[in-house]
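Dear colleague,

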Amino acid sequence: MPNDTRELPAANDGLYRFLGGSPLMVAFRLILLSILVGVVLAAIGFDPWNILKSIELLFQRLWNLGFDAVNWLWRYFLLGAVIVIPIWLLSRMFGAPRGR
């Protein structure tokens, strides 16, 4: 038997090639992917019935979050700098000189 491959009917060959597999498996993968994407979109606040308002709210939240993140980062920087900068300065002033 030189040709052991199973050939699909010619009518389904174009459909299988277009879909990328059997229609049932493609439908199953699309359903799972849709559920996963839906969970992610719901987690960031999207509503399927009012998608434009959800997108607007998302950008408003990202804008506010960006400025809150800068404020948060600045406060932690100042808090850490109160300790780190004096220790670094003292170590530079009183540290043993290093030859090159």
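What follows is a short account of the overall fold, then of the helices, and then of a few residues.

Please bear in mind that this is a predicted model, in which local features need pLDDT of at least 70 and side-chain atom pairs count only at pLDDT 80 or more, while totals for chains, interfaces and linings use all residues. Residues are numbered from 1 along each chain as its sequence is written, and side-chain values use heavy atoms, with hydrogens and water left out.

The protein has three helices and zero strands, and along the sequence these elements give the pattern α-α-α; helices (H or I, at least four residues) and strands (E, at least two) are DSSP runs, numbered from the N terminus. Of its 100 residues, 6% count as buried, where buried means under 20% relative accessible area, exposed means over 50%, and partly exposed lies in between, using a 1.4 Å probe and protein chains only. The protein exposes about 9600 Å², of which carbon and sulfur atoms supply 71%; these areas come from the Shrake-Rupley method with a 1.4 Å probe, and for residues only the protein chains shown count as cover.

Helix α2 covers residues 23–43, and its 21 residues should span 30 Å at 1.5 Å a residue, which agrees with the 30 Å between its end C-alpha atoms; the expected span is 1.5 Å times one less than the number of residues. Within helix α2 lies Gly-38, which counts as partly exposed because its relative accessibility is 35%. Gly-38 and Pro-48 are ten residues apart in sequence, and their C-alpha atoms are 9.0 Å apart in space. Just after α2, Gly-45 takes a positive phi of about 100 degrees.

Ser-54 is placed in helix α3 and, at 5% relative accessibility, counts as buried.

A search of the whole structure finds two aromatic pairs. In one of them, the rings of Trp-72 and Tyr-76 have centres 5.2 Å apart and planes at 80 degrees, so this pair is edge-to-face; rings of Phe, Tyr and Trp (its six-membered ring) pair if their centres lie within 6.5 Å, and planes under 30 degrees apart count as stacked, over 60 as edge-to-face and the rest as tilted. Trp-72 and Tyr-76 are separated by about one helical turn, because they are four residues apart in helix α3 (residues 51–94). Tyr-76 counts as exposed, at 52% relative accessibility.
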